[in-house]
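I opened the model to look up its strands, their partners and a few single residues. My notes follow in the order I took them.

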Amino acid sequence: MDIKDFHAIIECYETRSINKAAKTLYITPQGLGKLLDRVEHELQVKLFERTKQGLIPTESGTFFYEKSLGIISKAHELEAGLEVIKNKSNVFKVGYSCGLIRMLPLVKVEQFQEKLSNTKLVLEEGPNDEIKDALIRGKLDIALVIGRIAGSDFVEEELASKTMCAVVPKNHPLYSRSSIKIADLKDEQLICLNEKYQSYRNLVSSCEREGFYPNIRIKTMEASMIYEFVAEGLGIGIDVDIHNKKSISADINLIPIEDAINWNVYVAYEKSKADDKDVKAFLDMIR
């Protein structure tokens, strides 16, 4: 097995479909099917039941998926670490919590890279707690995080407060509502980003505060998949109001959840770097 196999299994688990996963992975469904057969043969376990409705993960498949997320994260960390060592003297490293890449427009990032001239820009995504920890340990120059660092040696500036929303299909009784409460989701099947994302933790915490654990039917690594699953009638999605509304289908309503825990997004960096020209340029870019 290699790292591509892990990516393939993760995609199959999250889409529940060989055809959809193959499309994302840019391979044929037949090729992906052979890959699954090979991996299952190597491991001597069945990862998925293949049905007319799609892929159904077995207990082994769910275990493999959960452990694979950590392996992929460590592989990315390894690659990023080696890259930093290779370019140690000319690197400006920006960390951001999973999901916050949507707050870094590609055009602005490219413009910022041009301003760095001979310095290479390295972007590192990770779970919110890991990004905060990397910043505190000096592995990042600056970071976009959810919630405060709460460290006396750091400058923190709140950039935005984003509302948790329910992604509701047109045929659902909640569709016409202008807002809902967490309690309205108690008996609903939910679709959300996985444990790497702060929105997952906020959802669970919000529901537990109201006395119940959310019925999460599907977890994914791609926010766009939430909307596809909702459109297919598989449940109510949970996402943060960070999208261009024009890109959302008219058959889906993004409804604010009044009493959910919001995303409070901060940019943070060490006080000692307050006068650093690259830090200042980054701040100018995102403000």
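I began with Cys 165, which stands opposite Asp 239 in β10. The model is predicted: local features need pLDDT of at least 70, side-chain atom pairs count only at pLDDT 80 or more, and totals for chains, interfaces and linings use all residues. Residues are numbered from 1 along each chain as its sequence is written, and side-chain values use heavy atoms, with hydrogens and water left out.

I then looked up the strands behind that pair. β7 (residues 164–169) and β10 (residues 236–240) pair antiparallel over 4 bridges. Strands (E, at least two residues) and helices (H or I, at least four) are DSSP runs, numbered from the N terminus. Two strands pair if DSSP finds at least two bridges between them.

Next I checked what packs on the sheet. Helix α7 (residues 198–209) touches β7, β8 (189–193), β9 and β10. Contact means heavy atoms within 4.5 Å. The direction of α7 makes about 145 degrees with that of β8. Axes are lines fitted to C-alpha atoms, for helices over the stretch in contact, and angles run from 0 to 180 degrees between N-to-C directions. Helix α8 (residues 223–231) also packs on the sheet, touching β7, β8, β9, β10 and β11. I read about 155 degrees between the directions of α8 and β10.

I wrote down the strand order: β9-β8-β10-β7-β11, an open sheet of 5 strands with mixed pairing. β9 (215–220) and β11 (252–256) each have a single partner strand, so one side of each is left without a neighbour in the sheet. Neighbouring strands are turned by 30 degrees against each other on average, direction ignored.

**Leu 254**

Is Leu 254 buried or exposed? It counts as buried because its relative accessibility is 11%; buried means under 20%, exposed over 50%, partly exposed in between (1.4 Å probe, protein chains only). I found Leu 254 in strand β11. From Gln 113 it is 141 residues apart in sequence and 34 Å apart in space, C-alpha to C-alpha.

I moved to β1 (residues 48–51) and β2 (residues 54–57). They run antiparallel, joined by 4 bridges. The two form a hairpin with 2 residues between them. Thr 51 stands opposite Gly 54 in β2.

Last, I looked at Val 45, in the loop between α3 (29–43) and β1. Val 45 is partly exposed, at 32% relative accessible area.
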